[in-house]
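Reader: Can you walk me through this one? I'd like the ligand site, then the fold around it.

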Amino acid sequence: MLIDGQLVDAQDGKTFQNINPTTEEVLGNVADGSRSDAERAVAAARRAFDNTDWGRDREGRKHSLLQLQKALEAEREDFRAELIAEVGCPVLLTHGPQLDAPINEAIKWPAEQIDTFPWTRSLGQKDPFGWGMIAEREVWKEPVGVVGVIVPWNFPVEITLNKLGPLLAMGNTCVIKPAPDTPYNATRLSRLIAEHTDIPPGVVNIVTSSDHSVGEVLSTSPDVDMVAFTGSTATGMRIMAAASTTLKSTFLELGGKSANIILDDADFPSAVGTAAAVCTHAGQGCAISTRLLVPRSRYQEAVDIVTEGMKNVGYGDPNDPSNLQGPQVSKRQRDRVLGYIEKGKAEGAKLVVGGGIPAHLPKGFFVEPTLFIDVDNKMTIAQEEIFGPVLVVIPFEDDDDAVRIANDSPYGLSGQITSGDINRAREVASRIRTGTLGLNGAIWYGADAPFGGYKHSGVGRQCGIEGLEIFTQTKTVAVPPQL
Ligand code: NAD
């Protein structure tokens, strides 16, 4: 762990095991931080914020962020091997959003914005009450202070770096708590920060723990100014409630149940054919389009294409570059996914592909690529986030009906729309209540692209200018006009 600039074990010496979800073997042991370790980390972050000029030293921040960027690049292949081992993510995905994209951009882009970010803006002169007291007004953007960062296991490097880069660029200090299932990448980051950057002691602290409740120190401590969380909606709600007792700002990236809408004028073989991408990373992505909405007029054609696609998904060893899908991250997650599949069957959806544990993969937490058709949007498998390789197909009558079904969800994170007419796709897009959308197969992802959710998918945006601003406070200052 990294606390106050030191690489340390847990104070009480405890450790916990990191399990490889593909082999079920123990990868190794990790420091099992306690609440008291988290409290020491918060105190260090508080001191670093209050007693150093980190928050005002823009040049220093840019310099040390670019050092971190270099250090990450130098150990890219070690991160890749670790992510495959501890997350079970397919190597294919590490060449995209799981690793290469964040290593290339997540620290560098915010570092580069430091020079151009609108730290101050002038409101001009005003005599607010007509008392002849003319003032020159300015708005200053300042760091929020100490940020508690709570990370899930599914895209650990991506999510950690896309919070760390912006929050440091804006001048904050932080305590990061990785997910218990995937601690190695965070311990590597600890070492890189301590040994390869001039980031001052206490600015970044990283506390690994097997105990979820260690995260509660971050949501309740009066010394933490803000919590930045990615994870499930249920935990997000608990964190927001806990943070309310100290009036922290909360930035929440939560779950999704996004719709992939294929309009009736789309090229079906290509549009419907890619719907099997739901199995990417065993479906363990919040922004994956897990509901396939197809026109009733071409329903059977769509079902035939997607059935073929789901039968041909490459899955198994995540080290094999032809595999789109590896294991679920843990037995607990696999049991959860299998539970949803049973619920789908019980509620009357028609299971046409998969639905169980693959017989040829006896080791590892695998689930077969699974397809349900004839799904009603009211069913549990259409409403709740499964986080598994499970796709549901729902028919719609016309564009209005497609919009209604897409929006009939507690979530609003992402989605896709495909049409032969891009203007028709845009029109439908303008009516979908989600934070990101890809039209006709286009991908919105990037360190410069705000990402986040409507409704139960979250509050606030990660990345982009919005993802920098969220880590700032606003101070309005009046000065007498300069003569
Ligand atoms: P989770 O909510 O169980 O845990 C996430 C993190 O919160 C872990 O580090 C955990 O230890 C910690 N935590 C748990 N209880 C806590 C508490 N009471 N107080 C403070 N911290 C606590 O989620 P998960 O199962 O690890 O991740 C999967 C979920 O994350 C899915 O729902 C997925 O959609 C969501 N997710 C969202 C995004 C997004 O950007 N919207 C991205 C990735 C994952």
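Author: What follows covers the ligand shell, one threonine and the domains. This is a predicted model: local features need pLDDT of at least 70, side-chain atom pairs count only at pLDDT 80 or more, and totals for chains, interfaces and linings use all residues. Residues are numbered from 1 along each chain as its sequence is written, and side-chain values use heavy atoms, with hydrogens and water left out.

Reader: Which residues come nearest to the ligand?

Author: Val151, His212, Ser232, Leu254 and Glu385, out of 28 residues around the ligand. A residue is near if one of its heavy atoms lies within 4 Å.

Reader: What does Glu385 do there, in distance terms?

Author: A polar side-chain atom of Glu385 lies 2.5 Å from a ligand oxygen. Ser232 also places a polar side-chain atom by a ligand oxygen, at 2.7 Å. With Val151 the polar atom belongs to the backbone, 2.7 Å from an oxygen of the ligand. A polar contact here is a pair of N or O atoms within 3.5 Å; within protein, one must be able to donate a hydrogen and the other to accept it, and residues adjacent in sequence count only if both atoms are side-chain atoms.

Reader: How much of the ligand is buried by the protein?

Author: 92% of the 850 Å² that the ligand exposes when taken alone. Areas are Shrake-Rupley values with a 1.4 Å probe; for residues, only the protein chains shown count as cover.

Reader: Which elements give two or more residues to the shell?

Author: α9 (214-220), β10 (226-230) and α10 (233-244). The largest share, three residues, comes from α10. Helices (H or I, at least four residues) and strands (E, at least two) are DSSP runs, numbered from the N terminus.

Reader: Switching topic. Where is Thr160?

Author: Thr160 is in helix α7, residues 156-169. Its relative accessible area is 7%, so Thr160 is buried (under 20%; exposed is over 50%, partly exposed in between, with a 1.4 Å probe and protein chains only).

Reader: Which residues does Thr160 touch?

Author: Val151, Ile176 and Leu189, leaving out residues up to four places away in sequence. Contact means heavy atoms within 4.5 Å. A polar side-chain atom of Thr160 also lies 2.6 Å from the backbone oxygen of Pro156.

Reader: And what are the domains?

Author: Domain 1 (2-254 + 457-479) and domain 2 (258-446), with bounds from an automatic or database assignment. Their C-alpha centres lie 31 Å apart. In the contacts between them, 30 residues of domain 1 meet 30 of domain 2. Each domain gives at least three residues to the ligand shell.
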